[in-house]
Amino acid sequence: MLNLICVIARYLVLIFMALYTIICYTYFTAKDREKRNSNLNKQVFYIFMIHFLCHVCLLINMRDPKILLYYLVEICIAVVYIVAFRLVYKNSSRLLTNNVAFLMLIGYTMLLRINKSYAIRQFILATVGLIFTLFIPYILGKLKNAKNWNIFYGVTGMILLASVFIPGIGQEINGSRNWISIAGVTLQPMEFVKIVFIFFVASSLVKINSMKELVVNASIAAAFMLILVLEKDFGAVVLFYICYFMMVYLATSRTRFVFIGLGLMVLACLMGYLLLRNSLFAHIMVRVQAWQDPFKFQQTGGYQVCESLFAIGTGGFGGSGLGNGMPYLIPVAESDFIFSALCEELGVVFGLSLILIYLSSFIAMQNIAMKLHTPFYKYITFGIAIVYIFQVFLNIGGATKFIPSTGVTLPLISYGVSSVFSTLIMFSIVQYSYILVGKEADEFEREKEEIERHIRENANGYGNVPG
């Protein structure tokens, strides 16, 4: 009987997941506001049903009564977040709010399956992050001169990145020196610097008036990436590089910068190959070899990729069911390869739907950026969208052997305090941009009405002049 309940719950999860994903896209085409709100309310229902059914499966298969307590606490925080954000910011994007809540609940659920201590720690610290980021749109509304602080952003970003080289604070994990440990709390400065970097580039692009100034700006951006190379964090280098050239292209609308960016990327890859032959970057070469032929190095460098592919293949379209798989066989399944664990137990259909949900958030961010008339926040929103979707691409691409593994986390789902905090901050910044779009539209309507009123008054005045 219990097995039957798990099977039914598993297929219901896939159905609700598909319905949730469909609404993510019908949201963009719905012209009727009432219908759009109705669909978003249905989304919330699907979120809670998926979360409930997943915990039913966990409770049956793991036989731990504490799972019920975890479920109640998680769902309460999710409800409070969705309601509070809407109450505080009435003009915020409900789609983005729903996606944040949904992705975080999926992350808690999967971490609870893999490692309870990770799940509890992630939940506590992420809840703190939700409370903190609730104030970000309000704070940004008060910072009227934020676009003029490009020097501050540049210096702050450099200092934060360089902090990993301070003896006693910086730490090297998995071959990359990109962590710091303060009072027992381990953080990854790069996760926060990528936001500072976006602000630096946006504030600089607003002021640039000549090619010389752009070259200077590009040199400073390159300095950020050089520090990341010294940290041996090549996943972050890719994120920063793509983000920079895409933001420059948006600001200048010159196609040649795209070709320059591609040319420099090819050159960087050639130089990177020479560097990879050096023992200093030996761990990167191991990842490249594992990507080229993981089964040849199955017992060494290719072990992670092989187990990841086995897990995805074992789960099939419908998954083995939460608690029935073996995600513990996948190395670092809680962070780098959590997508593989999700596909094994919840199915490839669930994984594909998850990718589409991430893509819907990206499309929403891009829509907001294109509607904005304020250049500074237009560039920031666009940059955040690029970083967000390429982080998803790097993580899932590495897990599926599409590209070499880069050690980049899956936003809001993978275990990692720094990653979750930075992603929540980015979403809150985009929410402010969405609110700003509404304000700009209201101002435009007021100006239009004022012009029309002025025209009517003048027309009436001319009509009263004697012939």
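Mentor: Start with a single residue and look at what surrounds it. Leaving aside neighbours within four places in sequence, L105 is in contact with I47, H51, E74, I75 and A78. Keep in mind that this is a predicted model.

Trainee: Where is L105 placed in the secondary structure?

Mentor: L105 belongs to helix α4, which covers residues 94-114.

Trainee: Is L105 buried or exposed?

Mentor: The relative accessibility decides that. L105 has 3%, so it counts as buried. Distance along the chain is another thing to read: L105 and F135 are 30 residues apart in sequence, and their C-alpha atoms are 21 Å apart in space.

Trainee: Which residues does T97 touch?

Mentor: T97 also lies in helix α4. Not counting residues up to four places away in sequence, T97 touches Y81, I82, F85 and Q431. T97 counts as buried because its relative accessibility is 4%.

Trainee: How do I read the nonpolar core?

Mentor: The general idea first. In soluble globular proteins, nonpolar side chains tend to be buried together. In this model the largest nonpolar core has 136 residues, and F102 and L354 touch the most other members. Helix α16, residues 375-399, gives the largest share of this core, with 15 residues.

Trainee: Which residues does F102 touch?

Mentor: Setting aside residues up to four places away in sequence, F102 touches M17, Y20, I47, I50, L354 and I357.

Trainee: What should I read for the chain as a whole?

Mentor: Begin with the secondary structure, then the overall dimensions. The protein chain has 17 helices and 3 strands. Its C-alpha trace spans about 95 × 60 × 40 Å along the principal axes.

Trainee: What radius of gyration would a compact globule with 467 residues have?

Mentor: A compact globule with 467 residues would have a radius of gyration near 23 Å; the protein chain has 24 Å, which agrees.

Trainee: What share of the residues is buried?

Mentor: Buried residues make up 51% of the 467 residues in the protein chain. For the surface, the accessible area of the protein chain comes to about 22,100 Å², and 67% of that area belongs to carbon and sulfur atoms.

Trainee: How do I read contacts over the whole chain?

Mentor: Look at how far apart in sequence the partners are. Among contacts in the protein chain between residues at least 6 apart in sequence, 71% join residues at least 24 apart.

Trainee: How far apart are the mean positions of the positive and negative charges?

Mentor: The protein chain has 35 positive and 24 negative charges, and their mean positions are 1 Å apart.

Trainee: Let us go back to single residues. Which helix holds S203?

Mentor: S203 is in helix α8, residues 189-207. With a relative accessible area of 0%, S203 is buried. Apart from neighbours within four places in sequence, S203 is in contact with K147, W149, N150, Y153 and F376.

Trainee: What about M190, and which residues does it touch?

Mentor: M190 is placed in helix α8 as well. M190 is buried, with a relative accessible area of 5%. M190 touches L161, L228, D233, A236 and F240, not counting residues up to four places away in sequence. M190 and F52 are 138 residues apart along the chain, and their C-alpha atoms are separated by 35 Å.

Trainee: Is I355 buried or partly exposed?

Mentor: I355 counts as partly exposed because its relative accessibility is 30%; buried means under 20%. I355 is found in helix α15, residues 348-371. Leaving aside its neighbours within four places in sequence, I355 is in contact with F339 and I396. I355 and V392 are 37 residues apart in sequence, and C-alpha to C-alpha they are 8.1 Å apart in space.

Trainee: Where do K401 and L412 lie?

Mentor: K401 is in the loop between α16 and α17, and L412 lies in the loop between α16 and α17 too. By accessibility, K401 counts as partly exposed at 28%, whereas L412 is buried, with 3%.

Note on methods
Residues numbered from 1 in each chain as written. Predicted model: local features only at pLDDT ≥ 70, side-chain atom pairs only at ≥ 80, totals over all residues. Heavy atoms only, no water. Core = buried A, V, L, I, M, F, W, Y, C linked by side-chain atoms within 4.5 Å. Buried < 20%, exposed > 50% of the residue type's maximum accessible area, 1.4 Å probe, protein only. Helix = DSSP H or I, 4+ residues; strand = E, 2+ residues; numbered from the N terminus. Contact = heavy atoms within 4.5 Å. Rg over C-alpha atoms; globule rule 2.2 N^0.38 Å. Areas by Shrake-Rupley, 256 points an atom, 1.4 Å probe, with all protein chains shown as cover. Lys, Arg positive; Asp, Glu negative; His and termini not counted. Charge placed at Lys NZ, Arg CZ, Asp CG, Glu CD.
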